[in-house]
Each structure stands twice: as structure tokens, then as C-alpha cells.
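Subject: Structure for you to look at

Dear colleague,

After it come my notes on what was found.

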Amino acid sequence: MELLKVGKIVNTHGIKGEIKVLRITDFEDRFELGSKLVIRDNDNLVEVTIDGHRIHKNFDLLHLKGYENINEVEQYKGAFLFITKEEATELDDNEFYYHEIIGCSVETMGGDIIGNVTEILSPGANDVWVVKNNKGKEYLIPYIEQVVKEVDINEQLIKIEPMEGLFE
């Protein structure tokens, strides 16, 4: 079963079994009531169903069916939440899942190799791809039309047209 990461349990909240989740997905409906998730706790996979959801201080607070107090969920602090690949939402053209972008090679339209995408940041209006070269230097590439020209998921290759100052 292939799993896709959608969140990280960063803490518990209150005494009634809520968990505080750092969202690693752009899909607002991912944590709807009745949604099924998988918690990876070390090497164990635990399937759970959401029966409560609210937003508090930029975190998702989830309540899981069958977990009624803090003692039952405390063991999952630091664990990641996943969905199965079959549950992934169909994307429009020029939309990609994080796991499809992370690891891709990045080069300029002229063929100069920049490095590989190691992380994706979501600071606001657009995502920013962190690209690290083989010497450990990191570059921040904004995912905007003017910069990212081609994305080939099958070839794991991204071509960019660097804007002025991007590599300084």
C-alpha cells in the first residue's frame, strides 16, 4: 500500500483526545468528518477515522473515532498522517503533489544543472521550491509562470528561466 503524507501530529490538545496537526497538504477537504487516515507510529500503521475537526491558531485540531482522552493519543505525538494513493484527489494541468516534485532535478532552459528539489515551502501567494546543489548550496525557486517553464514528472526534470538575482 503506497501512502502519501498529509500531516504531522505535533501535539495533543486538551484532555478529550484531540490531536494538533501541522497540515502537509493543500486540500482543504482532507480532514473532513468521516475521512480515513493512516498514522505511521514507528513501524506500525494505524487506520483511523476523523469524527471531529476545527482550526485553531493555524493548526488543524482533529478528533479520531474511538480515541476519547489524551492518554489514548499521546503516543502519536511526532507521528505522520497519511492517505493511501488511491484516495488522492485528481489534479488539474500544471498542478502537482509535493511527493512528485521533491527529488526532481532542476536545470535552466540553457541546460545548466541547478540541483534537486529537497523541500517545498508554502509562505503565501505561491509555493517556493528549495533546490540544493551537489555542494550543499540552497536556492529558493518560486513556483510562478515566469520562472518555472517545464515540469516533467515522468523524467523527474524541471526547467526554469531564472529571474534576475535568483542565484545571488
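One definition is needed before anything else: a residue is called buried when its relative accessible area is under 20%, exposed when that value is over 50%, and partly exposed in between. Please also keep in mind throughout that this is a predicted model.

Overall picture

The protein contains two helices and twelve strands, and when you read along the sequence these elements follow the order β-β-β-β-β-α-β-α-β-β-β-β-β-β. Its C-alpha trace spans about 55 × 30 × 30 Å along the principal axes, and of its 168 residues, 36% count as buried. The accessible surface comes to about 10,400 Å², with 44% of that area belonging to carbon and sulfur atoms. If you take the contacts in the protein with a separation of 6 or more, residues 24 or more positions apart account for 48% of them.

Charges and salt bridges

The protein carries 18 positive and 33 negative charges, whose mean positions are 8 Å apart. Side chains of opposite charge can pair when their charged atoms come close.

The side chains of Arg 23 and Asp 60 meet in another salt bridge, at 2.7 Å from N to O. Because Arg 23 lies in strand 2 (residues 18-23) and Asp 60 in strand 5, the pair ties together parts that are 37 residues apart in sequence. Is each of these two partners buried or partly exposed? Arg 23 counts as partly exposed, at 22% relative accessibility, whereas Asp 60, at 2%, counts as buried.

A further salt bridge joins Lys 132 to Glu 138, with the closest N and O atoms 3.8 Å apart. Lys 132 is partly exposed, with a relative accessible area of 35%, and Glu 138 is partly exposed as well, at 43%.

A patch of negative charge

On the surface, Glu 90, Asp 92, Asp 93 and Glu 95 gather in a patch of negative charge. One of them, Glu 95, is found in the loop between strand 6 (80-84) and helix 2 (98-101), and its relative accessible area of 39% makes it partly exposed.

A buried tyrosine

Tyr 67 lies in the loop between strand 5 (59-64) and helix 1 (70-73). Its relative accessibility is 15%, which is under 20%, so Tyr 67 counts as buried. Which residues does Tyr 67 touch, leaving aside its neighbours within four places in sequence? Tyr 67 is in contact with Lys 16, Gly 17, Val 46, Val 48, Glu 72, Val 73 and Tyr 76. As for Val 48, which is 19 residues away from Tyr 67 along the chain, the C-alpha atoms of the two are separated by 9.4 Å.

Key. Residues numbered from 1 in each chain as written. Predicted model: local features only at pLDDT ≥ 70, side-chain atom pairs only at ≥ 80, totals over all residues. Heavy atoms only, no water. Patch = residues over 30% accessible without salt bridge, like charges linked within 9 Å, V, L, I, M, F, W, Y side chains within 5 Å. Areas by Shrake-Rupley, 256 points an atom, 1.4 Å probe, with all protein chains shown as cover. Salt bridge = Lys/Arg side-chain N within 4 Å of Asp/Glu carboxyl O. Lys, Arg positive; Asp, Glu negative; His and termini not counted. Charge placed at Lys NZ, Arg CZ, Asp CG, Glu CD. Helix = DSSP H or I, 4+ residues; strand = E, 2+ residues; numbered from the N terminus. Buried < 20%, exposed > 50% of the residue type's maximum accessible area, 1.4 Å probe, protein only. Contact = heavy atoms within 4.5 Å.
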